[in-house]
Amino acid sequence: MNRSIWRSGAVVLGIFVAFLPFQNCGKLAANKTVSTSASSHSNPHIMRMSSVEALNVDISFRVHDESLPTTVQFNWSYTLDGAAMGCTPKTGANASTFVLNCSSAGALKVNVSVNNAGEILNLSYSTNLQAPTNSNEIPMQIVFEIPSGTGTNPWNTAATRVETFVGQTLKLKNMDSSPRQLHTNGRPCPHGNLIPSGGMADCVISQSYSRAANGAVYDHNEGTAAEFHLVAYDGAALYATNCAGCHGALASSAHRNAKVSQILSARASAPAMVGNAAVQALTRRQIEAISYALGGR
């Protein structure tokens, strides 16, 4: 066997060519590009990890190929509406992982050049990041993809748990080859229906939820080992705990209709908020929940 990590697969001819297939042993075809948007195939591709796809949250991408040697090099880049701006790249867990946090909506394309001793394969992943509707600063719908190959495993990890709040809709998209079904006890949304492979279902967040207080939610058909890690905040409760002491009750607060950007600006500059460790520890999603409860949108 030579030193390459894939052997060239058969090229599928025709006007419409969706993917260029490769297998795990043999030569990389130099400078070939594979578009792998939301791909569920087993060939080398960029896989979006178990992260919600939305603005102002970390979105993780990973090259999927278990045979990659430790010496392989990755050169990641992105464009948003054709320009390398609008997103902040962050350090991933390893070289095969790429993390973006995007503040602007648009057509996002993630690219990576996989270099194995001079042999190069170019991969790409394309998606559209949606801005909140009606010029709002809060996304009222977020998307979670159940990863391809999930099987009987958890849908995500505690470290990549999904954050939501009461009032949002969590859209579940099944990228796995098997049907999935969300099992809940009524929190944070009603027990889900069966989601076929490639299908979607909405989890309308109607109640706060935490694993510690309410028990695990998981795949109904696979059991508790196939857990779905998430949390659902109650914006009114967060306001009462973190804000009411200075700003009064929610219904009569002087900061009714405060937008997320206004709250973030005050947290960074107002002395009482700068010195408040609990307020400083609030996540972006928790601040969105507070803004939503205030009517800020």
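**Exercise 1.** Find which residue caps the N-terminal end of α2 in this predicted model.

*Solution.* Start at aspartate 234 and look at its side chain: one of the oxygens there sits 3.0 Å from the backbone nitrogen of alanine 236. That makes aspartate 234 the cap on the N-terminal end of α2.

**Exercise 2.** Work out which residues of α2 are buried, and where they sit around the axis.

*Solution.* First, run along residues 235-242 and pick out the buried ones, under 20% relative accessible area: Gly235, Leu238, Tyr239 and Asn242. Next, check their directions: they span an arc of only 100° around the axis, so they are on the same side of α2. Finally, ask what covers the buried residues: the cover includes β16 (230-233), α3 (244-247), α6 (277-280) and α7 (284-294).

**Exercise 3.** Describe the second largest pocket and say which element gives the largest share of its lining.

*Solution.* Begin with the space, about 480 Å³. Of 24 lining residues, Glu53, Asn128, Gln130, Gln141 and Val143 are closest to the centre. Then sort by element: β8 (119-129), β9 (141-146) and β11 (169-174) each give two or more residues. β8 takes the largest share, with five.

**Exercise 4.** Decide where in the protein chain confidence is lowest and where it is highest.

*Solution.* The chain's mean pLDDT is 84. Strand β1 (residues 32-35) is lowest, with a mean of 52, and strand β14 (residues 217-219) is highest, at 98. Residues 1-31 fall below 50, yet that stretch has 74 contacts in the model beyond near neighbours in sequence.

Methods:
Residues are numbered from 1 along each chain as its sequence is written. This is a predicted model: local features need pLDDT of at least 70, side-chain atom pairs count only at pLDDT 80 or more; totals for chains, interfaces and linings use all residues. Side-chain values use heavy atoms; hydrogens and water are left out. Buried means under 20% relative accessible area, exposed over 50%, partly exposed in between (1.4 Å probe, protein chains only). Helices (H or I, at least four residues) and strands (E, at least two) are DSSP runs, numbered from the N terminus. The arc is that of the directions from the helix axis to the C-beta atoms. Contact means heavy atoms within 4.5 Å. A polar contact is a pair of N or O atoms within 3.5 Å; within protein, one must be able to donate a hydrogen and the other to accept it, and residues adjacent in sequence count only if both atoms are side-chain atoms. pLDDT is the predictor's confidence in each residue, from 0 to 100. On a 1 Å grid over the protein atoms alone, a cavity is a set of points where a 1.4 Å probe fits but cannot get out, and a pocket is an open set with protein on both sides within 12 Å along at least five of seven lines; lining residues have an atom within 4 Å of a point. Grid points are joined across faces, edges and corners, and a volume is the space filled by probe spheres set on the points.
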